[in-house]
Amino acid sequence: MKLFDVYNCYDINLVNGKGMKLSDDKGNQYLDFYGGHGVISIGHSHPNYMFRIENQLHCLGFYSNAVRNELQEKLACKLGKISGYDDYNLFLCNSGAEANENALKIASFHNKKEKVISVKGAFHGRTGGALSITDNPNLSSSFNAEHNVVFVEMNDTKHVIEELSKGDVSAVIVEGIQGVNGVIEPTIEFLESIKLACEQNEALLILDEIQSGYGRSGKFFAHQYTGIQPDIITSAKGMGNGFPIAAVLISPDIKAWKGMLGTTFGGNHLACAAAMAVLETIEEEQLMKNALEIGSYLLDKLKENKKIKAIRGKGLMIGLDMENMSEIRTKLLKEHGIFTGSSGKDTLRLLPPLSITKEEADQFIESLECVLAGTCVA
Ligand SMILES: Cc1ncc(COP(=O)(O)O)c(C=O)c1O
């Protein structure tokens, strides 16, 4: 059997990882400024992560939600404290798309409406509902049509309020910081105004913090730079440092009932152990503070380079606009062994582990300067 050939991937076979560093089967070394798509939060092969997972494996790897799982309760308690959402309820699942799918369903169950307002350029995942609120028709099949969705420009408060005032909107969904669309932030004014308008029109505000959450922005969730509390928050990527786990954080005003949601694998014992190790490490190593400090350092230093046309982001979610981005990205990888991401046509996207050091940041800055100046010695 061959693989279904859907990924446009580098022909590199990674076999080892430690912190920010990766190596392949040929012994080549890399620096990970992409974190496997923003997933590696506490660093590759973190000792506490390995200890927690290994220990759990010796006890019990999996059982379904047919039995009470105390690890889920402990995880909910810790996540509530560290995120500042102590009074919210937690539903655990397996991927970002699944978290958003559940969030949309919860909103619709709650207010018995179906229309959703999403933002142009949004990416929310590739399952049916998540795809319908994603602004990229190339990803949809005709099977995915027929959802009632309106797309608005980012920060177009007037348009959102106009739509909400029609009274038929179930939810507004916004990314904490748009990732795939070039690291674009909603303004504080936009989020605060639409939260208020949602309350006035019996609609729910969903914040997709799948990429921008879990400390990446320097706050636990990126929307915490504002004064709002969304009704529902979705989380995934950094949550398990690579172990598949995702979450929906749900306001206490929304009531659950037996059978409302469900999943076989969601919140299983191993996934909870991984997620617990991540939260412990974020706390013990003060990784949110580190994300803010190293992120600000990178932003300040990179601003000095005139070849970078625009710089956006918060903490360790950074977008750099430049000419020939794709070529520069390839050179960074091939000539300097640095993995980066891209978003859109011109934006180089950085999503390194939150444990990055200043020396590693300097190594990136130097390499990028060298590639942009065309002075590298291959
Ligand atoms: C903001 C955002 N939402 C949702 C998703 C979908 O997550 P997953 O690929 O885990 O389904 C992604 C993935 O890139 C994302 O960046």
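**Helices, domains and ligand**

Guide: Helix H10 (residues 325-336) and helix H11 pack with their axes 10 Å apart, at an angle of about 120 degrees. Helices (H or I, at least four residues) and strands (E, at least two) are DSSP runs, numbered from the N terminus. Axes are lines fitted to C-alpha atoms, for helices over the stretch in contact, and angles run from 0 to 180 degrees between N-to-C directions.

Visitor: What kind of model is this, and how are residues numbered?
Guide: The model is predicted: local features need pLDDT of at least 70, side-chain atom pairs count only at pLDDT 80 or more, and totals for chains, interfaces and linings use all residues. Residues are numbered along each chain as its sequence is written, starting from 1.

Visitor: How are H10 and H11 oriented to each other?
Guide: Angles under 35 degrees count as roughly parallel, over 145 as roughly antiparallel, 65 to 115 as roughly perpendicular and the rest as oblique. The angle here is about 120 degrees. H10 and H11 are therefore oblique.

Visitor: Which residues of H11 make the contact with H10?
Guide: Two residues are in contact if their C-beta atoms, placed from the backbone, lie within 7 Å. H10 brings Ile328, Lys331, Leu332 and His336. H11 answers with Ser367, Leu368, Val371 and Leu372.

Visitor: How many nonpolar residues are in the contact of H10 with H11?
Guide: Ala, Val, Leu, Ile, Met, Phe, Trp, Tyr, Cys and Pro count as nonpolar, Asp, Glu, Lys and Arg as charged, and the others, Gly among them, as polar. The contact has two polar and one charged residues. Its nonpolar residues number five.

Visitor: Is H9 roughly parallel or roughly antiparallel to H11?
Guide: H9 and H11 (residues 358-373) have axes 10 Å apart and an angle of about 25 degrees. That makes H9, relative to H11, roughly parallel.

Visitor: Which residues in H11 does H9 meet?
Guide: From H9 come Ile294, Tyr297, Leu298, Lys301 and Leu302. By class, the contact holds six nonpolar, no polar and two charged residues.

Visitor: Are H2 and H8 roughly parallel or roughly antiparallel?
Guide: Helix H2 (residues 47-59) packs with helix H8 (residues 269-284) at about 155 degrees, with axes 8 Å apart. The contact divides into eight nonpolar, four polar and two charged residues. H2 and H8 are therefore roughly antiparallel.

Visitor: How far apart do the C-alpha centres of the two domains lie?
Guide: Domain bounds come from an automatic or database domain assignment. Domain 1 is 14-46 + 286-373, and domain 2 is 47-284. Their C-alpha centres lie apart by 25 Å.

Visitor: Which element gives the most to the side of domain 1 that touches domain 2?
Guide: The contact takes 26 residues from domain 1 and 29 residues from domain 2. Elements that supply at least two residues on the domain 1 side include strand S11 (310-314) and helix H9 (287-303). With five residues, the one that gives the most is H9.

Visitor: Which helix supplies the largest share of the shell around the ligand?
Guide: A residue is near a molecule if its C-beta atom, placed from the backbone, lies within 6 Å of it. The ligand is surrounded by 13 residues, and the closest are Ser95, Gly96, Ala97, Gly125 and Ile210. They divide into four nonpolar, seven polar and two charged. The largest share, three residues, comes from helix H4 (residues 96-111).
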